[in-house]
Amino acid sequence: MSSAPNPAENRLTPADAQPLLEVRNLRVHFPTRQGLFGQQRGAIRAVDGVSFQVRPGETFGLVGESGCGKSTTARAILGLAPATGGEIWLDGQRIDGLSDRQMRPMRRVVQMVFQDPFSSLNPRMTVGRIIREPMKLFGLHRPEHRKLEVLRLMDLVGLNPRFLNRYPHEFSGGQRQRIGIARALAAEPRLIVCDEPVSALDVSIQAQVINLLMDLKDELGLAYVFIAHDLSVVRHISDRIGVMYLGRIVEQAPADALYRNPRHPYTQALLSAIPVPDPELESRRERIMLTGEIPSPETEYRGCPFASRCPVAEVRCLEVVPALEGDEHQAACLLVDEP
Amino acid sequence: MNERSGTDRPLLAVENLQVQFRTDEGIVQAVDGISFTIAAGETLGIVGESGSGKSVTNLALMGLIPQPPGKVVAGQARFQGEDLLGMSPAALAKIRGNRIAMIFQDPMTSLNPFLTVAQQMTEVTELHLGFSRRQALDHAVAMLERVGIADAGRRIFGYPHEFSGGMRQRVMIAMALSCKPDLLIADEPTTALDVTIQAQILEMMQQLQREEGTAIIMITHDLGVVAKLCHRVNVMYAGRFVEKAPVERLFAQPRHPYTLGLLESLPRLDGQGSNRLTAISGSPPDLAQLPDGCAFRPRCPYAIERCASETPTLVDQENGNRAACLIDVTTSPRVAETKRP
């Protein structure tokens, strides 16, 4: 494993608030092999140089279409996908490259809520046991107090504590997502990575779970990395948002600024593609139609990753990789005017 | 988008459709007496959540309800004068894929993974339109080009798995449209797709409708898609229609508490952000355990005592909507909402 620098001399501290999570130039490349001896042929560059910070109590949204690398970024933060480059700092400690054993105490700081509340809960455990497991794992609370704590958490997430001894299949999708959230909270984390936490839920239930996540953030001072393909949901819940395309963040800004004044051509197209639930507005909207599909992350390209689909690309876009530039509102595009 | 009336000569007129399923928990009424019409060139939205019966409605019209456990127990569906529900399976098979076509959320449910796209696409037109092999192949390539598949003449000989999700959806749409159907039933056709691809597909459906006059029944839970595509909307809850209205009025002046709740619970892209959403409390209905009276009552912030005993039917509202509710949502008080439903 790589030697993680001494946390005492960490260099994370900017002037004001120390970020809870800092991802620096993260790369996750999966080698593709072929032939009898498995020679490396190329690499799927799922995440290709991603940097962002999440401050305590802040929600950072990551959006993008399938294959853009947002879920792999999430998995890398949790140590579930190997970082092949860059650094991940959590609460002042460098955590990329840690072994499972070394990562374990850090798992208390960061927990995850998954998309599919049907497959992420052990069907043979009661709800009570599912929520108690992390307490046992991290040695939280005295064993005789754990049941009380489970009941408190169930109440906190809006599950009837009477259902303590029921099994996951006895609950609806929305309730199962609440179980998943209670389990994450049981470790008393400071950061929760939510990977598409509401996309499997019915519209009326989505709102319940979004409200719950926002309430918990206020009450417990949690920070979230919130990943979703539904931009309206991400806009609603996030303080800042990063838009990913082909393994890179192409634009990063406070939520309002991103939606009011998207600067990267991809963000503009993405926002214009979403039909809004308002027929009159919808009939007046101008759409930026993207042609084609997202290239495979295995494809070699020079220059801007979006150039092949960009409606305004110029010749120089094929030669220079644009850097993410700007202060609060950053866009990785050669053609963007300074604000 | 303008309102169209489906009254003069409907292409399809469904009357009192009822579908039941036999389950471990007894007989479940999945579709409970719904009626609607659709005219040529029109797009009708059927909106609802899981368990609302919107997909079962589609399957019943197409004679695709697995039987048993399912059964169409009552109703008529007159398509160009013939009753689809009383037809022999052979007669229905002639209409299906020819005058009525379907597209589903998951293209792999209607594409055969063992056959090339060419084999599957030529089969329909050879069967229904009597094309020769050569004609069928030319036609299929033309259809693929039309739905935006580049290099269609070569790619048509590929298998479904060689196409990406968005491309497969296009292949399915090309296949569905290759006999120029009069009616296209689309069941969540873009739900599994990314938004930029969704935008392409929806745009394409609108264009095809303009050119061919195809009627579209759009079954979806996505109110953004409804706003973009539909002329009229029927909102479905627990097997019944609870509100019917032209699209603009449904969004601007909903008259059923469920419709209102759905609209209020949406986070808006153009909204203020970060305030609490107005969620509908409770869970989608369990059809095996529906309450007496109005099925939405346990979740309804307007419910009064009468709602527990009377089952409301669709009635005309003052603004022209039809809604199945005993209460006037424009004047009635709402029960205070709990912070955490």
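1. **The interface of chain B and chain A.** In this predicted model, chain B and chain A bury about 4,000 Å² between them, and 57% of that area is on carbon and sulfur atoms. The contact draws 47 residues from chain B and 48 residues from chain A. The size of an interface is often expressed as the accessible area lost when the parts come together.

2. **Polar and charged pairs across the interface.** Between chain B and chain A, 11 residue pairs are in polar contact, with both residues at pLDDT 80 or more. The interface also holds 2 salt bridges. B:Arg276 forms a salt bridge with A:Asp215, and the closest N and O atoms of this pair are 2.6 Å apart.

3. **The side of chain B that touches chain A.** At least two residues of this side are supplied by each of α6 (165–177), α7 (195–212), α8 (223–229), α9 (247–252) and α10 (257–265) of chain B. The largest share, 7 residues, comes from α7(B). Sorted by class, the side of chain B that touches chain A comprises 19 nonpolar, 17 polar and 11 charged residues.

4. **B:Thr196, a residue in contact with chain A.** B:Thr196 belongs to helix α7 of chain B. Which residues does B:Thr196 touch, not counting residues up to four places away in sequence? They are A:Glu65, A:Leu270, A:Ala273, A:Leu290 and A:Arg309. With A:Glu65 there is also a polar contact, side chain to side chain, at 2.6 Å. B:Thr196 is buried, its relative accessible area being 3%.

5. In soluble globular proteins, nonpolar side chains tend to be buried together. Here the largest nonpolar core has 105 residues, and B:Leu12, B:Phe36 and B:Leu183 have the most contacts inside it. Helix α6(B) gives the largest share of this core, 8 residues. Apart from this core lies another, of 73 residues, which includes A:Leu185, A:Leu246, A:Leu290 and A:Cys304.

6. **The surroundings of B:Phe36.** Leaving aside neighbours within four places in sequence, B:Phe36 is in contact with a set of residues that includes B:Leu12, B:Ala13, B:Val14, B:Leu44, B:Ile46 and B:Leu61. The contacts of B:Phe36 also include B:Thr57, B:Asn234 and B:Lys244, as well as B:Ile217 and B:Phe241.

7. **Two cis peptide bonds in chain B.** A cis peptide bond joins B:Gln67 and B:Pro68, with omega about -10°. Another cis peptide bond joins B:Pro68 and B:Pro69, with omega about 10°. B:Pro68 is in the loop between α1 (54–61) and β4 (70–79) of chain B, and B:Pro69 is found in the loop between α1 and β4 of chain B.

8. Where in chain A does A:Glu196 lie? A:Glu196 is in the loop between β7 (191–195) and α6 (203–220), and its phi is near 50°, a positive value in a residue other than glycine. The relative accessible area of A:Glu196 is 8%, and the residue is buried. B:Ala238 likewise has a positive phi, of about 50°, although it is not a glycine. B:Ala238 sits in the loop between β9 (232–237) and β10 (240–246) of chain B and counts as buried at 4% relative accessibility.

9. **Helix α1 of chain A.** This helix, residues 70–77, is mostly covered, with 6 of its 8 residues buried. The buried residues are A:Lys70, A:Thr72, A:Thr73, A:Ala74, A:Ala76 and A:Ile77. Just after α1(A), A:Gly79 takes a positive phi of about 75°.

10. **Salt bridges.** Over all chains the structure holds 36 salt bridges. A:Arg55 pairs with A:Glu58, the closest N and O atoms being 3.5 Å apart; A:Arg55 is partly exposed at 30% relative accessibility, whereas A:Glu58 is buried at 8%. In another salt bridge, the closest N and O atoms of A:Lys217 and A:Asp239 are 2.9 Å apart. A:Lys217 lies in helix α6 of chain A and A:Asp239 in the loop between α7 (231–237) and β9 (240–245), so the pair ties together parts that are 22 residues apart in sequence. A:Lys217 counts as buried at 15% relative accessibility, while A:Asp239 is partly exposed at 34%.

11. **A salt-bridge network in chain A.** Salt bridges with shared partners join A:Glu22, A:Arg24, A:Glu87, A:Arg94 and A:Asp96 into one network. Within it, A:Glu22 forms a salt bridge with A:Arg24, their closest N and O atoms being 3.3 Å apart. A:Glu22 is buried, with a relative accessible area of 11%.

Technical notes. Residues are numbered from 1 along each chain as its sequence is written. Chains are lettered from A and ligands numbered from 1 in the order in which they are written. This is a predicted model: local features need pLDDT of at least 70, side-chain atom pairs count only at pLDDT 80 or more; totals for chains, interfaces and linings use all residues. Side-chain values use heavy atoms; hydrogens and water are left out. Contact means heavy atoms within 4.5 Å. Buried area is the accessible area (1.4 Å probe) that two parts lose on being put together, summed over both. A salt bridge is a side-chain nitrogen of Lys or Arg within 4 Å of a carboxyl oxygen of Asp or Glu. A polar contact is a pair of N or O atoms within 3.5 Å; within protein, one must be able to donate a hydrogen and the other to accept it, and residues adjacent in sequence count only if both atoms are side-chain atoms. Helices (H or I, at least four residues) and strands (E, at least two) are DSSP runs, numbered from the N terminus. Ala, Val, Leu, Ile, Met, Phe, Trp, Tyr, Cys and Pro count as nonpolar, Asp, Glu, Lys and Arg as charged, and the others, Gly among them, as polar. A nonpolar core is a set of buried Ala, Val, Leu, Ile, Met, Phe, Trp, Tyr and Cys residues joined through side-chain atoms within 4.5 Å. Buried means under 20% relative accessible area, exposed over 50%, partly exposed in between (1.4 Å probe, protein chains only).
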